[in-house]
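Here are a few exercises to work through with the model open. Try each one yourself before reading the solution.

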Amino acid sequence: MSKSIRKSVLPAKPHEYEFGGPLVVFAASFFLLPLICYLAAFLCNDISGCPVPSVLHPRSLTLLKLKEEVGWPHDGIRGLASFKVTGFVLAYYLLSLILQAALPGIVQQGVQLRSGARLEYKFNAFSSAVTVLLGAAIGTYMKGPDFALWTFIWDNYTQLLTVNLGIAYAVASFVYYRSFTVKAGNKHKRELALGGHTGNLAYDWFIGRELNPRITIPIVGTIDIKAFCELRPGMLGYVLLDLAFVVHQYKLYGFVSDSIILVTLFQSVYVFDALWMEPAILSTMDITTDGFGFMLAFGDLVWLPFIYSLQARYLAVYPVHLGFSGVAGVFAVQGLGYWIFRSANNEKNRFRTNPKDPRIAHLQFMTTQSGGTLLTSGWWGFSRHPNYLGDFIMAWSYSLPTGIAGYMVKHGSPVVMSHGDMVDGKGVISGGAVKQQVLQGEARGWGMLITYFYVLYFGILLIHREMRDEEACKKKYGKDWEKYQEKVRWRILPGIY
């Protein structure tokens, strides 16, 4: 591409660095983020405990003992992946593509791009997910808990993590390389993202250089890579992982605890709510502002399914019985969070698509000099990001069912017990003639570093995202944003933040 053409497709003003700049995003991409995922996979397991005993006694820790406790593959790093698992995952992605192309769906235009053009999107993620889960249900009905899908997921969990991580690296690299073919005035309506053209390879690769990269695949047709990754393989994979963990608990103990039912139910509702409301993504920052690079690819395909499902994975090994009062309490937390989250998002989406909708026509708003409008009453008069508050409250309902988490796996002489028998009301033996006992012991409380990690991470994520939103709005609306801040003072929670 000539320098003159390249200059014409680049936004006029280079964007400032976010997330600490090139060195930080490079370290996060190739070290920190993958490390967190593998630590969660290895340090909380069904071999020695959650966390593994050596973590509780660092002075006696040895590499050999740690490798034994975490179940490190006998063939080393090569055991973290396999051709069989790679083929399975690629087939799953291919199925997702075929379902998007083959199933009927609604076609809707996205927001106006800087060029004035609008992209078209086909939405059928909900029906695609239902189709896959229907197939899984039929298989489970015919084969019971030994249905190959559930066994495969549990037995190859770490390899599944590795393959999806590899796909995230590959997709991020592909769209980065291909972004240099974007030309001014192209008929495909391709544009570069405002934040992804700093000129630094590591940073632009991470943040995303092209705004809405698309690819045309024979038979399948045109696929919007960002929208596809946002709500398809990772989102459905999240539910499939949870269900595999439920099945594993049943195979171990002969029952399914109320805690794992709650976690799986809440997280499934969250996923299917997003799939049902798929057109709403068109107004999100991910679609309208952020480029597609490793940040979104990793978040969609790796972080979301494997980190968000940690609670169900924990409960698969150590069931927690909440009882009626516990279930009611967790339901109350979830219900409150979901009501705020969905009500706020519906209000914003209806206002943007049809301001005359009788459900929101009474709301007050201010008109900006750029021609845009900002809600100043209703949920969006309550705070500038009320949906984030609902999201954070719901995050607690995913972790609370794990209680004061932590367990140890004790290996010893065979003990004959019936499925689901309890040991002093605390430990669990997996039924029949077994050689292991699962109890909390000195691990009690330490497992919360795993099962409540999601709450901590999500709180930080939402605050950071809110700060990015604020900065983007300041640049977009200028002095009008200052006037809006005077009308709506609080960022997320009135009186606190």
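**Exercise 1.** How many of the 19 residues of H12 are buried?

Solution. Keep in mind that this is a predicted model. Start by locating helix H12, which covers residues 258-276. Next, check its span: from first C-alpha to last it reaches 26 Å, close to the 27 Å expected at 1.5 Å a residue. Now go through the burial: 14 of the 19 residues are buried, so H12 is largely enclosed by the rest of the structure.

**Exercise 2.** Work out how H6 and H11 pack against each other.

Solution. Find H6 at residues 125-143 and H11 at residues 233-253. As for handedness, H6 passes H11 in a right-handed crossing. Then look at who touches whom: H6 brings Ala129, Val132 and Leu133, while H11 brings Leu236, Val239, Leu240 and Leu243. Sort the residues of this contact and you get seven nonpolar, no polar and no charged.

**Exercise 3.** Is valine 320 buried or exposed?

Solution. First place valine 320: it sits in the loop between helix H15 (310-317) and helix H16 (323-353). Its relative accessibility is 14%, and buried means under 20%, so valine 320 counts as buried. Now list its contacts, skipping neighbours within four places in sequence: Ser257, Asp258, Ser259, Leu315, Pro401 and Thr402. Finally, compare sequence with space: valine 320 and isoleucine 260 are 60 residues apart along the chain, with their C-alpha atoms 7.9 Å apart.

Definitions and conventions:
Residues are numbered from 1 along each chain as its sequence is written. This is a predicted model: local features need pLDDT of at least 70, side-chain atom pairs count only at pLDDT 80 or more; totals for chains, interfaces and linings use all residues. Side-chain values use heavy atoms; hydrogens and water are left out. Axes are lines fitted to C-alpha atoms, for helices over the stretch in contact, and angles run from 0 to 180 degrees between N-to-C directions. Helices (H or I, at least four residues) and strands (E, at least two) are DSSP runs, numbered from the N terminus. A crossing is left-handed if the near helix is turned anticlockwise from the far one by less than a right angle, and right-handed if clockwise. Contact means heavy atoms within 4.5 Å. Ala, Val, Leu, Ile, Met, Phe, Trp, Tyr, Cys and Pro count as nonpolar, Asp, Glu, Lys and Arg as charged, and the others, Gly among them, as polar. The expected span of a helix is 1.5 Å times one less than its number of residues. Buried means under 20% relative accessible area, exposed over 50%, partly exposed in between (1.4 Å probe, protein chains only).
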